[in-house]
Structure formats: C-alpha cells, structure tokens
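Student: I am new to this structure. Please take me closely through one part of it, the loops.

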Amino acid sequence: MTFENFIAKLGLNHFKPHELLIYTNREKNGEPPRLRWGNIVPTILILDRLREHLGVPICLTSVYRTPAYNATLRKAARLSQHQAFVAADISARGIYPRDVCEILMQWRDQWFKSPVPIEQNRTRVEVPAGKIPYVPLNERESSGVFKFQFKGYIYYGETYVHIDTRGFNPD
Ligand SMILES: [Zn+2]
C-alpha cells in the first residue's frame with residue numbers, strides 16, 4: 001500500500017496526502033516510516049474538521065520529523081511527538097494562532113468519528129532518552145464507525161499552532 005492509498009481511506013475533505021509529507025528540511029529530515037502511518041489518523045481527522053469549522057485554508061508546516069532531524073532543532077522537545085507522526089504544526093490563513101488554539105482546547109475530550117479503526121497500540125517512539133509517555137486512545141465501534149476521544153497537547157507560538165493526539169492531556 002502506498003501512503004496515498006492509506007490516506008485516501010480517511011475520506012478527508014481538505015487535505016491531500018502530500019501535505020502530510022511536507023517537512024521543513026528536506027535534506028536532514030525524511031518521510032514517516034510505514035509503521036507510524038496510523039499514528040497521524042486522529043490528528044488529521046481533527047484538522048480536517050477544523051478546516052471545515054474555520055472556513056479558511058490550513059497550512060501544515062511541520063508534521064513528521066525523524067529523530068535525527070528532531071535532535072538538530074534547538075527549540076524542539078527531545079521527546080517531540082513529531083517523531084511519532086502524531087503531531088502537526090499548522091497555520092490557518094488570517095486567524096490568530098491563539099484563536100485557533102482556543103478552539104482546539106474546547107474540542108479536547110470530545111469524541112470524533114473515524115472511518116478506519118484507531119490502533120489501540122499506536123507505535124511508541126524510541127529515543128535515546130527513553131520513551132514518549134503514551135496512552136492508547138479509547139475506541140468504540142457502532143455500525144462500522146470508529147470513534148476516538150481527542151486527547152493531546154496543544155500550544156501556540158507567534159506563527160503556528162501545535163496539535164498532537166498523544167492520548168492524554170498534559171498540563
Ligand atoms: Zn509541533
């Protein structure tokens with residue numbers, strides 16, 4: 001299966017597979033390995049809904065980072081969820097990051113629908129410092145619809161909003 005076919009199953013209205021593969025440094029970074037593809041599913045489904053809600057284009061500025069690439073970023077967290085393909089940095093055209101962040105904060109703990117199962121044990125990221133703390137998302141199924149609860153970390157900078165669905169809400 002190609003990454004394009006995998007993403008096509010999600011029935012996204014607003015994002016194309018290649019947008020998820022955009023990475024900020026093409027020489028040092030790389031593409032997400034197959035075993036991590038499923039990790040991005042909750043995040044991109046939430047972002048597709050956010051795009052609908054905001055009614056303006058959302059640019060994915062950083063999604064996957066290889067551990068080696070992440071280590072070269074001075075400001076990046078050592079246990080960044082970008083390494084798990086669970087996180088995305090976004091900017092919404094004409095909307096302050098603070099306002100986008102506020103909406104996402106309100107959406108946390110709500111249930112979202114998925115056309116594909118959310119893996120109970122999404123792959124952890126192994127980094128030299130240890131493992132990213134990771135709790136699998138809850139999931140229940142009704143008539144072919146899969147559900148997951150949005151739990152993760154959200155914050156904003158001057159020009160972007162970070163969202164991840166790591167499975168719990170850090171303080
Ligand atoms: Zn981020």
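**A close look at the loops**

Along the sequence, the chain runs α-α-α-β-α-β-α-β-β-β-β-β-β-β. That comes to 5 helices and 9 strands. Helices (H or I, at least four residues) and strands (E, at least two) are DSSP runs, numbered from the N terminus. The model is predicted: local features need pLDDT of at least 70, side-chain atom pairs count only at pLDDT 80 or more, and totals for chains, interfaces and linings use all residues. Residues are numbered from 1 along each chain as its sequence is written.

Start with the loop between α4 (67-72) and β2 (87-92), where phenylalanine 85 is found. Phenylalanine 85 counts as buried because it has 26 C-beta neighbours inside 10 Å. The cut-offs are these: buried means 20 or more other C-beta atoms within 10 Å of a residue's own, exposed means 12 or fewer, and partly exposed lies in between, with C-beta atoms placed from the backbone. The phi of phenylalanine 85 is positive, near 60 degrees. Most residues other than glycine have a negative phi.

Next comes aspartate 109, in the loop between α5 (97-107) and β3. Its phi is also positive, near 75 degrees. Aspartate 109 is exposed, because 10 other C-beta atoms lie within 10 Å.

Finally, proline 115 lies in the loop between β3 (111-114) and β4 (126-127). Proline 115 has 13 C-beta neighbours inside 10 Å, so it counts as partly exposed. Leaving out residues up to four places away in sequence, proline 115 touches Lys9, Leu10 and Gly11. Touching here is contact: C-beta atoms, placed from the backbone, within 7 Å. Proline 115 and lysine 9 are 106 residues apart in sequence, yet 7.4 Å apart in space, C-alpha to C-alpha.

Terms used
Two residues are in contact if their C-beta atoms, placed from the backbone, lie within 7 Å.
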